[in-house]
Amino acid sequence: MILAEGSSEAAFLNILLDRGLLCFKRGDLLYERVVHERQFSQETISRMKQFGTRNSLVVYRIGDKLSDQLKMPKDKSVRNMISNVICVLTKPEFEVLMLINEGVADRYFRTEKTGSKPSTFYKTLHHDYHKGSNQIKEYFGKMSDLEIALLLQKYEMTRKKTHPNGMLSLYDLLSEEMKRI
């Protein structure tokens, strides 16, 4: 099961899933979809119950701000289904991926100390940019599988400064085949 904190995360993950770039397939997911929510909703808990309490689930919690704790379902049978929660941090934001892709990330990193957000900096370069899932689908949907894998690899090289120990990145979820590129 994938819990995506925001619509941008959900959109990007759907691109990766549809192209088969991750270490798991859409068919491996509960109801074969990314769940766009920060915490378990009643609807998701109901779906988990329908899945069968004798089954176990690994929950991938994906977002750019994972400082809050994931509230486990109160229903003990549902809570016991969850065998593991894996946190995947998309910090810094998707705009950093775009800046890396366009070869201007160094310019942003020099201004980052001023408190400039990646989305604000990206908008100075692309005035028509509007943050959101449609922009993510349009931008990354045009890229090849190879371009996406290499971009996540480049991002992985810079992320060490921004990710706490134990937190994974999107690169960590790529299939072994995509990591060998």
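View 1. Tyr-31 is partly exposed, with a relative accessible area of 37%; here buried means under 20% relative accessible area, exposed over 50%, and partly exposed in between, using a 1.4 Å probe and protein chains only. This is a predicted model, in which local features need pLDDT of at least 70 and side-chain atom pairs count only at pLDDT 80 or more, while totals for chains, interfaces and linings use all residues. Residues are numbered from 1 along each chain as its sequence is written, and side-chain values use heavy atoms, with hydrogens and water left out. Tyr-31 lies in the loop between helix 1 and strand 2 (34–36); helices (H or I, at least four residues) and strands (E, at least two) are DSSP runs, numbered from the N terminus. Its phi is near 60°, a positive value in a residue other than glycine. Glu-32 lies in the loop between helix 1 and strand 2 too, and has a positive phi of about 55° although it is not a glycine. With a relative accessible area of 47%, Glu-32 is partly exposed.

**View 2. Arg-54, out in a loop.** Look for Arg-54 in the loop between helix 2 and strand 3 (57–63). Its relative accessibility is 85%, so Arg-54 counts as exposed. From Arg-54 to Ala-11 the C-alpha atoms are 31 Å apart in space, and the two residues are 43 apart in sequence.

View 3. Met-48 belongs to helix 2 (residues 42–51) and is buried, with a relative accessible area of 0%. Setting aside residues within four places in sequence, Met-48 is in contact (heavy atoms within 4.5 Å) with Met-1, Leu-30, Phe-40, Leu-57, Val-78, Met-81 and Ile-82. One of these, Leu-30, is 18 residues away along the chain, and its C-alpha atom is separated from that of Met-48 by 7.9 Å.

**View 4. The nonpolar cores.** A nonpolar core is a set of buried Ala, Val, Leu, Ile, Met, Phe, Trp, Tyr and Cys residues joined through side-chain atoms within 4.5 Å. The largest one has 44 residues, and Ile-2, Phe-12 and Phe-140 touch the most other members. Helix 1 (residues 7–18) supplies the largest share of this core, seven residues. Apart from it lies another core, of 13 residues, including Phe-40, Ile-45, Met-48 and Leu-57. Back at Phe-140, the residues touched, not counting those up to four places away in sequence, are Phe-12, Ile-15, Arg-19, Phe-94, Leu-97, Met-98, Ile-148 and Leu-151.

**View 5. Helix 1 beside helix 7.** Two packed helices are described by the angle between their axes and the distance between the axes. The axes of helix 1 and helix 7 (residues 133–141) come within 8 Å and cross at roughly 30°; axes are lines fitted to C-alpha atoms, for helices over the stretch in contact, and angles run from 0 to 180 degrees between N-to-C directions. That makes helix 1 roughly parallel to helix 7, as angles under 35 degrees count as roughly parallel, over 145 as roughly antiparallel, 65 to 115 as roughly perpendicular and the rest as oblique. Helix 1 brings Ser-7, Ser-8, Ala-11, Phe-12 and Ile-15 to the contact, and helix 7 brings Ser-133, Ile-136, Lys-137, Phe-140 and Gly-141. By class, these are five nonpolar, four polar and one charged residues; Ala, Val, Leu, Ile, Met, Phe, Trp, Tyr, Cys and Pro count as nonpolar, Asp, Glu, Lys and Arg as charged, and the others, Gly among them, as polar. Ser-8 of helix 1 counts as buried at 13% relative accessibility.

**View 6. Helix 4 meets helix 6.** Helix 4 (residues 94–101) and helix 6 (residues 118–125) have axes that come within 8 Å and cross at roughly 45°. That makes helix 4 oblique to helix 6, and their crossing is left-handed. Glu-95, Val-96, Met-98 and Leu-99 of helix 4 make the contact with Pro-118, Ser-119, Phe-121, Tyr-122 and Leu-125 of helix 6.

**View 7. Ala-149 in helix 8.** Helix 8 (residues 145–159) holds Ala-149, which is buried with a relative accessible area of 3%. Not counting residues up to four places away in sequence, Ala-149 touches Leu-174, Met-178 and Ile-181.

Terms used
A crossing is left-handed if the near helix is turned anticlockwise from the far one by less than a right angle, and right-handed if clockwise.
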